[in-house]
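Please consider the sequence and the model below.

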Amino acid sequence: QAATTFQRFGIITSVDMAELKSSDQTAITGDSEAVIATVQTLSGDRLASQRKDAYGIIIVDECHHALAPNYKAIIDHFSDARLLGITATADGSKKNIGSVFETIAHRLTLRRAIEMGALSRIVLCTIPVEVDLRDLRMTTSDFNETEIGTRICASVETLAFNIAQNIGDRQTIVFTPDLGSASAMASMLRAMGVKAKYVAGSAGQYRMSQTDRDAILDEFAKDEFQVIVSCDLHIEGYDCPQVSCICICRPTIQRYRYVQMAGRGTRLFTGKKNLLILDFDWTTDESSKRLCVPVVLFADTTDEEVADVITNKFK
């Protein structure tokens, strides 16, 4: 996706992945102006073999991960290059990314991007449902995934019914807490006459191969079915501009996670009038009072105390 975007702007681009090395592509494309690689590819011996002065600038997408060891190894290796980090969720880092990046060069809020016409307008719809999120166990940063997944699975028929009633003909992504609830949601939607499939990684009970997953994503991109159900697999980086509805069946207290889920539908696309976000008015108590609601998308701050005030004002 990144390479395609660079090439669209006339930048000679090569891709470094698996057995395909960017240096091998020069005979076909000429010297590259940009090289695209994942942090998983650019590691170990492959990273060590690169000249430290090979690049003038390193651009780190999803740079809230920049303090992770595999990111830091790349940044440190090319320490003389300029460093540019890009992220929609700077608050997604558990550590201070200011120790890597010297300054905020530019800040563009979601509200401003929509006003500029760079992202799709958003329509918010909160649906009252009787799904009990009281007395939930917590991890250090969010609801316990197993427990929240159990709660969602128990109410999957109610949630699926409300989704089917509200999405119309929109291409839709439904986010759930885990793969069990993703599989159950896809099955329930199909039972209600909605063409839906779920996607999963290569591990666990609901696993699928990379080939099968790619085939499903390709079918979805071609509008061969309407709803794709996922958990964390497509929260970051997935780009399917025609998506015009996001259903948040993954309650969270993490603002960055909520923003990433909603962000999968904000791309512009021909004929797309707006993005519909379906959220649910869960039954909460003191243990789940920090639950994110759609208004956090428009909070011009990542300060949790301020965001709480804004959230509670609009509840």
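Which side chain meets that of Arg267 in a salt bridge? The partner is Asp239, at 3.2 Å from N to O; a salt bridge here is a side-chain nitrogen of Lys or Arg within 4 Å of a carboxyl oxygen of Asp or Glu. This is a predicted model, in which local features need pLDDT of at least 70 and side-chain atom pairs count only at pLDDT 80 or more, while totals for chains, interfaces and linings use all residues. Residues are numbered from 1 along each chain as its sequence is written, and side-chain values use heavy atoms, with hydrogens and water left out.

Arg267 lies in the loop between α10 and β10 and Asp239 in the loop between β8 and β9, so the pair ties together parts that are 28 residues apart in sequence. Helices (H or I, at least four residues) and strands (E, at least two) are DSSP runs, numbered from the N terminus.

The whole structure holds 13 salt bridges. Another of them joins the side chains of Arg250 and Glu145 (3.7 Å, N to O). Because Arg250 is in the loop between β9 (245-248) and α10 (255-263) and Glu145 is in helix α6 (residues 145-154), this pair ties together parts that are 105 residues apart in sequence. Arg250 counts as buried at 1% relative accessibility, whereas Glu145, at 36%, is partly exposed; buried means under 20% relative accessible area, exposed over 50%, and partly exposed in between (1.4 Å probe, protein chains only). Both residues belong to a network of salt bridges that links Asp142, Glu145, Arg250 and Arg257.

The sheet comes next. Six strands form an open sheet in the order β5-β10-β9-β6-β8-β7, with parallel pairing; two strands pair if DSSP finds at least two bridges between them. Its edge strands, β5 (122-132) and β7 (196-198), each pair on one side only. Three bridges join β7 to the parallel strand β8 (residues 227-230), and Lys197 stands opposite Ile228 in β8.

The largest nonpolar core has 61 residues, of which Leu159, Ile163, Met185, Leu189, Val229 and Trp282 touch the most other members. Such a core is a set of buried Ala, Val, Leu, Ile, Met, Phe, Trp, Tyr and Cys residues joined through side-chain atoms within 4.5 Å. Strand β10 (residues 275-283) gives the most to this core, with six residues. A second, separate core of 15 residues includes Leu42, Ile75, Ala81 and Ile97.
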